[in-house]
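Trainee: I am new to this structure. Could you walk me through it?

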Amino acid sequence: MPQLSLLKSPAAVQAAMDEFSQLGRAAFLKQYGFGKSRDYLVRNPRTGEHCDSKAIVGVAFGKQFPNQGVLGPEEFSGGEATVVPLLQSLGFEVIRIGEDWTEDEVQSTVADYFEMLRLEADGLAYNKSQHNEALRNRLNGRSKASVELKHSNISAVLAGLGLPFIQGYKPRGNSQLLLRKAVQDYVLQHPAVVGKIVDALEEVKSPAEKTYSAVVVDAPIREARQKIVVPTSPRQRLPRKLDYAARDEANRKLGRSGEHWVLGYEQHRLTEMGHPELFQRLDWVSENRGDGAGYDILSFESQDLHRYIEVKTTNGGIAASFVLSHNELEFSREVDEQFYLYRVFQLSIDPRLFILRGDLSKQLYLKPLDFRASFREHFG
């Protein structure tokens, strides 16, 4: 239904499920005039409770559009063609009644995901659709979309652990507790496999062809925060060898290779601007004077205006997280529009770049990683 397609808010769906839990199933369905779902339920990520999918969508519509109100059961059709893909597109897990994912299914899906991730890390081609089909032959009648959502859930768990994930499966939260535990167990029980994946993605290789035309892409959009509390198990702490973000940052050789690539890009950019002579004045600060300035390269906007460039490099994809120092963050605030973060990704195979300009605290979600300890209250 055209009207139903307007529902775009995961927060509205979550609010409907919160009310479902508060009132109880019978009272919720009676209040809004819905019957029990015959085929599909949606999992509440806060509680793990299964809710009637059509009723949740109808009430969620009213949460998002209070002036229009709740959609009644007669105003839209439910089921696999409408409600199921809508809820899945918003990142929620839909379960066919009587067919929740079993432990064997989850473990098979996790193993298949890591096989694809290994192939991707090794630069080997593989077909996601063929993997999906082969996996479904081992599962209990799962749809292609439900397997894809599970793969995206695995990406979200890996991203939360600071590990690389398959770029074609955008991280989606709201995953089943059993799945989160299975991913964590796989990582801890197969350190050699995961370590090899991390090592392959960190390997420093010079791009086969250095061309700087059309390498700049749009930066990812910072997604709206969702205040969703999920059931938690004790936090898994990975050995530093498997801490992908920290290792990527600590790999100075990879960082230097990325900065060297950016030097070539800056020469190309300044030449395109009609000021090739400015490249002779460019200063590779981190190489010549060391880290700590808050930026890596001093370039130019014009004859008189500097461009302060901080380079962050990965062999992974555009969505990979990166480590930002307190000093770099503060410097981005100080010089504001003259600060440029160059995010270089896919360095070893097909380098691409997106650029963030100005105060980074306004453009990124920042999570504290470390503390400086002291016995004095005030320290630098």
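What follows is a short exchange about a predicted model.

Trainee: In what order do the three strands of the open sheet lie?
Mentor: Strand S2 (50-52) and strand S3 (94-96) stand at the edges. Each has a single partner strand, so one side of each is left without a neighbour in the sheet. The pairing is antiparallel, and the order is S2-S1-S3.

Trainee: Which residue in S2 stands opposite valine 42?
Mentor: Strand S1 covers residues 40-43. S1 and S2 pair in the antiparallel sense over three bridges. Opposite valine 42 stands cysteine 51.

Trainee: What angle does the direction of helix H1 make with that of S2?
Mentor: Helix H1 spans residues 10-23 and packs on the sheet. There, H1 touches S1 and S2. Its direction makes with that of S2 an angle of about 100°.

Trainee: Leaving aside neighbours within four places in sequence, which residues is valine 110 in contact with?
Mentor: In general, nonpolar side chains tend to be buried together in soluble globular proteins. Beyond its sequence neighbours, valine 110 touches Ile154, Leu179, Ala182, Val183 and Tyr186.

Trainee: Is proline 164 buried or exposed?
Mentor: Proline 164 is found in the loop between helix H7 (144-160) and helix H8 (177-189). Its C-alpha atom is separated by 9.4 Å from that of valine 194, 30 residues apart along the chain. The cut-off for buried is under 20% relative accessible area. Proline 164 has 8%, so the residue is buried.

Trainee: Which residue in S8 is the bridge partner of tyrosine 342?
Mentor: Strand S7 (residues 339-345) and strand S8 (residues 352-357) run antiparallel. Six bridges join them. For tyrosine 342, the partner is isoleucine 355.

Trainee: Which residue in the turn of that hairpin has a positive phi?
Mentor: S7 and S8 form the hairpin, with six residues between them. The phi in question is about 55°. The residue is glutamine 346.

Technical notes: Residues are numbered from 1 along each chain as its sequence is written. This is a predicted model: local features need pLDDT of at least 70, side-chain atom pairs count only at pLDDT 80 or more; totals for chains, interfaces and linings use all residues. Side-chain values use heavy atoms; hydrogens and water are left out. Two strands pair if DSSP finds at least two bridges between them. Helices (H or I, at least four residues) and strands (E, at least two) are DSSP runs, numbered from the N terminus. Contact means heavy atoms within 4.5 Å. Axes are lines fitted to C-alpha atoms, for helices over the stretch in contact, and angles run from 0 to 180 degrees between N-to-C directions. Buried means under 20% relative accessible area, exposed over 50%, partly exposed in between (1.4 Å probe, protein chains only).
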